[in-house]
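Dear colleague,

Please read the notes with the structure open beside them.

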Amino acid sequence: MTRVSLSMPPLTDVGPDRPAAAAVLQWIDRHRAALFALLAVLWLLAFSGRWRLGNDSTLYVSLARNLAAGRGYHAAGWPRGNSHIGLPLMLSWNFRAFGAATLWPMLTAIFIMGAAAIVFTYRLLRFAVPRPQAVAATLLTGISFTFTEYLYELLNEIPSFLGMVAALAAFEALTAQRDSGPTRRARTAWALVLIAGLALAASLRPATWALMLAMAAVLVWRTLRQPQLRRTALLLLPLIGVALLATWLFDPRHGGMAESHQEMLRRLLIEKPGQTLHTLWTTTLPQVFGPMTTRTVFTSGFGPGLST
């Protein structure tokens, strides 16, 4: 039986023609199967199947229990127009199948969605970079603090990430310029993945409309440069248009007693334009372009004076 060594070789042959990064990437690519297996083991060791209480997850569970009991989309007796319906709907199916006190099946489903999201992340990266870089970036995504934190939570993040990355991978598979395009069966499979990914992401994040608009713009540009994509564009553009319309029509924030953030901002701009613009300029924008930006991009701040 052949033993596989995961020890890093000494970088004695590093030089101008072979930088250290290239040697590390080659090592990661050579041992990719073992590294992905180790990542899966680490995930499984941390999985408990128990609900980690939080404000948002408690709201989703309450909404789902009322949906499962036939009492409508309510929590504590009040309609929640600002809450996205995707996760509460999935949780309601969980409660109907396993009982209102059982959550481990949904937690297991989110765990599996996370694993699937990592697979689609790798597939998406392979359209843009060579395999060693794709393997390294995928491993770093799977081991990152933010990803592993949400992997065990009853929250929207992992399912919506799966929907978006699956839709992006499918979009690239159908439209990216390559020497040989996908087969007819592969095109059909990727089209189904695109539909499912957009539907999943839109049910969890109504702001997915921005992703759909970006896809439509990129598709038009690629079709202008690659006339052979015309048939694909004729299929995907109406599909994206229908998805955009459905996202708008079924956005739960457009109804109910809870005022959405967009409606509140529109009302304040009409009723109190001076005060609203002053608040945006002195409070909101400094927050967006301050520490929040570095936390969004790098998952942590750089410290006082360095985060902007």
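**Aromatic pairs and helix contacts**

A search of the whole structure, which is a predicted model, finds seven aromatic pairs. One of them joins tryptophan 43 and phenylalanine 147, whose rings are tilted, with 5.8 Å centre to centre and 35° between the planes. Because tryptophan 43 lies in helix α2 (residues 32–46) and phenylalanine 147 in helix α7 (residues 145–150), the pair ties together parts that are 104 residues apart in sequence. Both tryptophan 43 and phenylalanine 147 are buried. Phenylalanine 98 and tryptophan 104 form another tilted aromatic pair, here with 6.0 Å centre to centre and 50° between the planes. Phenylalanine 98 has a relative accessible area of 46%, and because this value falls between the limits of 20% and 50%, the residue counts as partly exposed. Beyond the individual pairs, Trp43 and Phe147 also belong to one aromatic cluster, together with Phe47, Phe111, Tyr152 and Phe161.

Turning to the helices, the axes of helix α8 (residues 157–175) and helix α9 (residues 184–204) come within 7 Å and cross at roughly 150°. Since angles over 145 degrees count as roughly antiparallel, α8 and α9 are therefore roughly antiparallel to each other. Their crossing is left-handed. On the α8 side the contact is made by Pro159, Ser160, Leu162, Gly163, Met164, Ala166, Ala167, Ala169, Ala170, Phe171, Ala173 and Leu174, while α9 contributes Arg187, Trp190, Ala191, Val193, Leu194, Gly197, Leu198, Leu200, Ala201 and Leu204. Sorted by class, the contact of α8 with α9 comprises 18 nonpolar, three polar and one charged residues.

Helix α1 (residues 20–30) and helix α6 (residues 131–143) also pack against each other, at an angle of about 75° and with their axes 8 Å apart. That angle makes α1 roughly perpendicular to α6, because the range from 65 to 115 degrees is counted in this way. Leu25, Ile28 and Asp29 of α1 make the contact with Arg131, Pro132, Gln133, Val135, Ala136 and Leu139 of α6. By class, the residues in the contact of α1 with α6 are six nonpolar, one polar and two charged.

Notes. Residues are numbered from 1 along each chain as its sequence is written. This is a predicted model: local features need pLDDT of at least 70, side-chain atom pairs count only at pLDDT 80 or more; totals for chains, interfaces and linings use all residues. Side-chain values use heavy atoms; hydrogens and water are left out. Axes are lines fitted to C-alpha atoms, for helices over the stretch in contact, and angles run from 0 to 180 degrees between N-to-C directions. Helices (H or I, at least four residues) and strands (E, at least two) are DSSP runs, numbered from the N terminus. Angles under 35 degrees count as roughly parallel, over 145 as roughly antiparallel, 65 to 115 as roughly perpendicular and the rest as oblique. A crossing is left-handed if the near helix is turned anticlockwise from the far one by less than a right angle, and right-handed if clockwise. Contact means heavy atoms within 4.5 Å. Ala, Val, Leu, Ile, Met, Phe, Trp, Tyr, Cys and Pro count as nonpolar, Asp, Glu, Lys and Arg as charged, and the others, Gly among them, as polar. Rings of Phe, Tyr and Trp (its six-membered ring) pair if their centres lie within 6.5 Å; planes under 30 degrees apart count as stacked, over 60 as edge-to-face and the rest as tilted. Buried means under 20% relative accessible area, exposed over 50%, partly exposed in between (1.4 Å probe, protein chains only).
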